[in-house]
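Here is a short note to read beside the model. Please keep the structure open and find each residue as it comes up.

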Amino acid sequence: MKGNPDSCGVWAPSLTWKEGTFYLVYTDVKRFDGRWKDTHNYLVTATQIDGAWSEPIYLNSSGFDPSLFHDDDGRAWVPNLLVDHRKGKFFGGIILQEYSYTQRKLIGEVHYIFSGTSLGITEGPVISKRNGWYYLITAEGGTEYDHAVTVARSRHITGPYEVHPTNPVLTSAHNPELALQKAGHGSLVETADGKWYLTHLTGRPLTKRGRCTLGRETAIQEIEWRQDDWFYLKHGGNEPCIEVEAPDLPLFPQPEIPLKDDFEEDTLNIHFQSLRVPMDESWVSLKKRKGSLGIKGQESLCSTHTQSMIARRLQHFETEAITRLLFEPDTFQQMAGLTCYYNTYHFHYLYLSWEDTLNSYVLNIVTNDDNNWSEPLPEYIPLEKPEVWLRATIRREILNFSYSTDGEKWQQIGGTLDASILSDDYVQNKVQYNAAFTGTFTGMCCQDLSGKGKWAWFDHFEYKPL
């Protein structure tokens, strides 16, 4: 599923299931920056979790982070954050409205149920029910190092809600030594053996309270219910543990996904993603040349429209990404190669192109750091053939590019680059961004600024944790 063509992106998907139907609610953001926020919320349904999904059902536009709660009396409710643009406030608390399964829309009164606590920045509402209590779980403190999970409860879904006596129930805000930082934005799950867990977002910085190149990650903590009908972290306190005992349930191991993709199959490795536009044969193909991934050159890495990039999330602090490229450009406006990428303003790029002053294929590196461009190579590196192996080696905050003409002897080029600029923390402090959550991507791309649509061919991509 993708957002509308004129959207900034799909946010905060929340999935539930009831009587053979999956319900997915989400926010489609039309405008992200600035005080005025255009956040339209939708619901889609499916009988199978992998689709096909229904056409979107419009819910409201009052704020983001919607979720759907199925009550045991047969009714359903949608809470979401209320955006309050007045006097720079923005976070206006949590509202709630009933959803009609039959009418396929929100109905009845809009209830204002929670104004938040002194932590502020109240968002991410999720409702659970146990022993006749409605539990409202919210994220507070912001998504950075003051992030937290707040819990409130009520005997009536529309409130009033009382706040947990030891709120927040989870946070890393007061301990910079913890491996898991930015802990917040939680949701409850009960397993088949009767154990309860709190899932939550977190981040692992490279240095103490530093940059998180792996972006936002998901963690889980075991909780216990006490006689007062409040839940607490089982290990005590309100700080996240790095290790949690697993429930006593049957194992359902999933097939191991190869770290190297030789592009021999009809579909790409599930880790691969495209940027903004879905993958289709018009620009990315596994069929045009057997055993190769073809990528058609389109717009530049700075484009917010039609880029040709196939990349995967960085999941380790230390790793290598390796690919073999065949590309025959006939102008300097055609490029293809290996990138380490955060967004259109922050990336490093090792690419093959054509240089007419040398009458040769060449390698070059560009770095975009908050729209400040640099080219670490003092001179282009000529190539005899339009075929080359490219490698990106990341060791925490250090990135090195290398190339090989035979796949065995490697030459490091471009010196040491700063991998930490490809992080949420670095990017979200820039003027043009209010928030950033994705972490580093690494992958293959192709550009053709002449408009001719030159194709590049990659015969493998290997992601190798070090």
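This is a predicted model: local features need pLDDT of at least 70, side-chain atom pairs count only at pLDDT 80 or more; totals for chains, interfaces and linings use all residues.

**Notes on strands, salt bridges and a surface patch**

1. Start with Asp84. Is Asp84 buried or exposed? Its relative accessibility is 8%, so Asp84 counts as buried. The cut-off for buried is under 20%. The side chain of Asp84 meets that of Lys89 in a salt bridge, at 3.9 Å from N to O. Lys89 has 48% relative accessibility and therefore counts as partly exposed. In general, side chains of opposite charge can pair when their charged atoms come close.

2. Look next at the open sheet S5-S6-S7-S8. Four strands form this sheet in that order, and the pairing is antiparallel. Which strands stand at the edges? They are strand S5 (69-70) and strand S8 (105-114). Each has a single partner strand, so one side of each is left without a neighbour in the sheet. Inside the sheet, strand S6 (residues 76-84) pairs with S7 over eight bridges, in the antiparallel sense. For one example, find Pro79: its bridge partner in S7 is Leu96. As background, strands of a sheet pair through backbone hydrogen bonds, either parallel or antiparallel.

3. **Phe91.** This residue sits in strand S7 (residues 90-100). Phe91 has 24% relative accessibility, so it counts as partly exposed. What does Phe91 contact, leaving aside neighbours within four places in sequence? The list is Phe64, Leu81, Leu82, Ile121, Thr122 and Glu123. Pro66 is 25 residues from Phe91 along the chain, and their C-alpha atoms are separated by 14 Å.

4. **A second open sheet.** Move on to S14-S15-S16-S17. Four strands again form an open sheet, in this order, with antiparallel pairing. The edge strands are strand S14 (181-190) and S17, and each pairs on one side only. From one strand to the next, the twist averages 40 degrees. Strand S15 (residues 196-203) and S16 run antiparallel and are joined by seven bridges. Find Leu201 here: its bridge partner in S16 is Thr218.

5. **Two residues of S16.** Compare Ile220 and Glu222. Ile220 is in strand S16 (residues 217-225), and Glu222 lies in strand S16 too. Ile220 has a relative accessible area of 38%, so it is partly exposed. Glu222 has a relative accessible area of 8%, so it is buried. What does Glu222 touch, not counting residues up to four places away in sequence? The answer is Lys195, Trp196, Tyr197, Tyr232, Leu233, Lys234, Val244 and Glu245.

6. **A nonpolar patch.** Which residues form the nonpolar patch on the surface? They are Val189, Ile220 and Val244. Together they have about 190 Å² of accessible area. Note that Val244 is also among the residues that Glu222 touches.

7. **A salt bridge across the sequence.** How many salt bridges does a search of the whole structure find? The count is 21. One to inspect is Arg130 with Asp229, whose side chains meet at 3.5 Å, N to O. Arg130 lies in strand S9 (residues 123-130), and Asp229 lies in the loop between S16 and strand S17 (231-233), so the pair ties together parts that are 99 residues apart in sequence. Arg130 has 22% relative accessibility and so counts as partly exposed. Asp229 is buried, because its relative accessible area is 17% and the cut-off is under 20%.

8. **A loop-to-loop pair.** Asp330 forms a salt bridge with Lys454, and their closest N and O atoms are 3.4 Å apart. This pair links distant parts of the chain, 124 residues apart. Asp330 is in the loop between strand S23 (318-326) and strand S24 (334-343). Lys454 is in the loop between strand S32 (441-448) and strand S33 (455-465). Asp330 is partly exposed, with a relative accessible area of 43%. Lys454 is partly exposed as well, at 24%.

9. **A network.** Salt bridges can share partners, as they do here: Asp71, Asp72 and Lys129 are joined into one network.

Notes:
Residues are numbered from 1 along each chain as its sequence is written. Side-chain values use heavy atoms; hydrogens and water are left out. Patches are made of residues with over 30% relative accessible area and no salt bridge: like charges are joined within 9 Å, nonpolar side chains (Val, Leu, Ile, Met, Phe, Trp, Tyr) within 5 Å. Accessible areas come from the Shrake-Rupley method with a 1.4 Å probe; for residues, only the protein chains shown count as cover. A salt bridge is a side-chain nitrogen of Lys or Arg within 4 Å of a carboxyl oxygen of Asp or Glu. Buried means under 20% relative accessible area, exposed over 50%, partly exposed in between (1.4 Å probe, protein chains only). Contact means heavy atoms within 4.5 Å. Two strands pair if DSSP finds at least two bridges between them. Axes are lines fitted to C-alpha atoms, for helices over the stretch in contact, and angles run from 0 to 180 degrees between N-to-C directions.
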